[in-house]
Amino acid sequence: MQVAPEIPSKPVQDILASTSEDVPDIFTRDAGKLSLAADSTTLPWMDCPIIDFSLLSSPDAVEAKEELTKLSYALVSWGSFQVMNHGITDSLMDGVREVSKEFFILPAEERKKYLRAANDPEGYGNDTVMSQNVPHNWNDRLYLNVFPEDQRKLGFWPQIPSNFRGTLHEFTMKVKQVNETLVQAMARCLGLEDNSFLEEYGDSVRVTARINFYPKCPFPELVHASRTHSDASAITILLQDKQVEGLQVLKDDNWFKVPIIPSALFVNVGDQMEIMSNGIFKSAVHRVVANSERERLSLAMFCSPDHEKEIGPLNKLVNENQPRLYKTIKTYGEIFFRYHPKGERPITAMRI
Ligand code: OGA
Ligand code: NI
């Protein structure tokens, strides 16, 4: 498919530094249709049980079974959950937040070295928008392929702070383990062999990091910090800001605020897991609202099948009662970037 030429816009921070407008109209062009942050403060909290990761592989069978039942409920009802005792230390989580923050507060001249190119998501800047009707997110992000290591484009990996690369590498390796254990448990939830989903991943899991920086916004109700979307991943493992809320999830057509739980990670099902599970696990629809008082930082780690691996609903999940709901597809990441910039959801096009 022909890709329309794109002129990436400046990072939000730099647009704001160069204008006297409070909220430039590229951020508000669907404001008439928004029912966003105005009601955010009154929304209920997400009240899904927290999953204790360490119990999922407990030698005590009863304990492990109980935790798996909680996980099944979380997956089927919410498509997302928080997980604790995941094996990533507070100091590593703080460390990766710290180096990320240090990058985003560097002078514009330094940050500029990592700006992404047109029509390529990798690098620093904001997301591609390919429709006059789609507003830009109030969000600057650094988007990096972090695993397999030979997929890294180090030119986009900040050299300042000097411990950025090492810290992100260390965090990636831990996230990779969390992904494996969770995806195995998710297979068990469906009565499948532990490795059923991991085998679909192909030769190697692919991990992409998206470090999000959301500047303060004087009129949060007019903008999207992140527009309503679901992720292209199989699962996403998200490190939230330690102090500033903003993430919301949709359940049965109602929005819920995701609370900050110190030491926990937020996990959500992405489109590729919805496809592999033949729709039993639904990818979580979510959004982020802006904040007038504080900037917010988060780090989403998208864990996906190998790029070249064809995926589709697992054979064991297709039968007379559960017909195949999705096509067999490849390079879903690229498909995602054809739809999302136009404000569309790619998963709908994957249905049979
Ligand atoms: C994302 C995302 C949520 C957040 O990066 O895809 O949904 O809390 N982030 O920043
Ligand atoms: Ni997301």
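**Close-up views of a predicted model**

**View 1. Asp253 sits in the loop between β8 (247-251) and β9 (254-257).** The model shown here and in the other views is predicted. Asp253 is exposed, because its relative accessible area is 70% and the cut-off for exposed is over 50%. The backbone of Asp253 has a phi near 70°, a positive value in a residue other than glycine. Most residues other than glycine have a negative phi.

**View 2. Asn85 occupies the loop between β2 (80-84) and α4.** Asn85 also has a positive phi, about 50°, although it is not a glycine. The relative accessibility of Asn85 is 45%, so this residue counts as partly exposed. Ser54 lies 31 residues away from Asn85 along the chain, yet the C-alpha atoms of the two are separated by 5.7 Å.

**View 3. The shell around ligand 1 holds 13 residues.** Asn212, Tyr214, His286, Arg296 and Ser298 come nearest to ligand 1. Three strands, β5 (206-214), β11 (286-288) and β12 (296-304), each supply at least two residues of the shell. The largest share, 4 residues, comes from β12. By class, the shell has 6 nonpolar, 4 polar and 3 charged residues.

**View 4. Side chains of Arg210, Asn212 and Asp231 meet oxygen atoms of ligand 1.** For Asn212, an N or O atom of the side chain is 3.0 Å from a ligand oxygen. For Asp231, a polar side-chain atom lies 3.2 Å from an oxygen of ligand 1. For Arg210, the separation between a side-chain N or O atom and a ligand oxygen is 3.5 Å. Ligand 1 taken alone exposes 290 Å², and the protein buries 96% of that.

**View 5. Helix α3 covers residues 61-77.** Its 17 residues should span 24 Å at 1.5 Å a residue, and the end C-alpha atoms are 24 Å apart, which agrees. Buried residues of α3 are Ala64, Glu67, Leu68, Leu71, Ala74 and Leu75. Seen down the axis of α3, the buried residues fall within an arc of 120°, so they line one face of the helix. The face turned away from the buried side carries the exposed residues Val62, Lys65, Glu66 and Val76.

**View 6. Helix α4 runs over residues 90-104.** This helix has 15 residues and reaches 21 Å from its first C-alpha to its last, close to the 21 Å expected at 1.5 Å a residue. Leu92, Met93, Val96, Arg97, Val99, Ser100, Phe103 and Phe104 are the buried residues of α4. Viewed along the axis of α4, these buried residues lie within an arc of 165°, so they line one face of the helix.

View 7. Most peptide bonds are trans. Pro148 is in the loop between β4 (140-147) and α6 (164-189). Pro161 is found in the loop between β4 and α6 as well.

**View 8. Ser277 lies in the loop between α8 (271-276) and β11.** Ser277 is buried, because its relative accessible area is 0% and the cut-off for buried is under 20%. The side chain of Ser277 reaches the backbone oxygen of Glu274 at 3.3 Å.

Terms used. Residues are numbered from 1 along each chain as its sequence is written. Chains are lettered from A and ligands numbered from 1 in the order in which they are written. This is a predicted model: local features need pLDDT of at least 70, side-chain atom pairs count only at pLDDT 80 or more; totals for chains, interfaces and linings use all residues. Side-chain values use heavy atoms; hydrogens and water are left out. A residue is near a molecule or strand if one of its heavy atoms lies within 4 Å of it. A polar contact is a pair of N or O atoms within 3.5 Å; within protein, one must be able to donate a hydrogen and the other to accept it, and residues adjacent in sequence count only if both atoms are side-chain atoms. Accessible areas come from the Shrake-Rupley method with a 1.4 Å probe; for residues, only the protein chains shown count as cover. Ala, Val, Leu, Ile, Met, Phe, Trp, Tyr, Cys and Pro count as nonpolar, Asp, Glu, Lys and Arg as charged, and the others, Gly among them, as polar. The expected span of a helix is 1.5 Å times one less than its number of residues. Buried means under 20% relative accessible area, exposed over 50%, partly exposed in between (1.4 Å probe, protein chains only). The arc is that of the directions from the helix axis to the C-beta atoms.
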